[in-house]
Amino acid sequence: MGNEMVFEKPINELKEKIEELQTFAHEKDIDLSAEIKRMEDRLHELEKEIYGNLKPWERVQIARNSKRPTTLDYINFLFEDFIELHGDRLFSEDEAIVGGIAKFNGQAVTVIGHQRGKDTKENIRRNFGSPRPEGYRKALRLMKQAEKFKRPIICFIDTKGADPGKESEERGQSEAIARNLLEMAGLKVPVISIVIGEGGSGGALALGVADHIHMLENSTYSVISPEGAAALLWKDSTQAQRAAESMMITAPDLKKLEVIDEIIYEPKGGAHLDVKAQAESIGRVIEQSLQELSVHTEDELLLSRHEKYKLMGSHSIEIL
């Protein structure tokens, strides 16, 4: 998709008019400050109206924006001395998942996340952020290493889903995802997962069995994409918008369902408009989570995690 979203058209048009008026006033040396101020006030109100009442499909569009910050963007802002580790020690390296060791506020941590590209060349290199089995096995290797050295684990979730290709299936895609779910449930160190873009299907869940799960305001988290759900429910993938309205895949909905712990709010228009501010917001939430989880013993962590996931599914929704 392009970077301009349909619902943002009135905002962008007004911004263009303001810029044109400012240019005209400067070139002609005319004082149009009152008119410009009036239009800027209108812009502020329009942004508040549109961004304050986003529909699920509009949040899906923001989550898919190609300019949206990635795992590596946040790592660069939030962590010190990051050392990326590669390979699953079984087959190969998968660049759709990045991970390694770093310091967060001086504390040693393990960081793992889906990594998509920002242009066609990088997307091909990273398989559009859709990991193959070796990606999940690399992630699990790093998690078990973190457990051995008693490092908290921080995961960033941002994928449409796991790679569905024939070779991935032959190499045990479903087993790799299932293994991650099983092993993460029993990790004896704190695990924090943050959905920063799309959290799609088992490809996202494989990094999502955490003590605390947080979501950026305009991210999505679901067992299937809206297009996939529409194809299954109505045999028509073009009904994706209708599916998104019904599936309760946005942060506000999932907070109500108690699937996630906290919503991390974004700058108006999305995280891509102020990456530094967004990273700072994420950093505060990570710091708070680490403080809360650090006081628990290993047994308490495991029991609390077990109770957390046992309670999920206690709510029901109606597909429209």
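## His272 and the chain around it

His272 is buried, with a relative accessible area of 17%; buried means under 20%, exposed over 50% and partly exposed in between, with a 1.4 Å probe and protein chains only. This is a predicted model: local features need pLDDT of at least 70, side-chain atom pairs count only at pLDDT 80 or more, and totals for chains, interfaces and linings use all residues. Residues are numbered from 1 along each chain as its sequence is written, and side-chain values use heavy atoms, leaving out hydrogens and water.

His272 sits in the loop between strand S8 (262-264) and helix H13 (275-294). Helices (H or I, at least four residues) and strands (E, at least two) are DSSP runs, numbered from the N terminus. Setting aside neighbours within four places in sequence, His272 contacts Asn65, Lys67, Arg68 and Pro69. Contact means heavy atoms within 4.5 Å.

Now the whole chain. It has 14 helices and eight strands. Of the contacts with a separation of 6 or more, 71% join residues 24 or more positions apart. Buried residues make up 50% of the 320 residues.

| Property of the chain | Value |
|---|---|
| Radius of gyration | 21 Å |
| Span of the C-alpha trace along its principal axes | about 70 × 50 × 40 Å |

For 320 residues a compact globule would have a value near 20 Å, so the chain's 21 Å agrees.

Conventions: The radius of gyration is taken over C-alpha atoms; the globule rule is 2.2 Å times the number of residues to the power 0.38.
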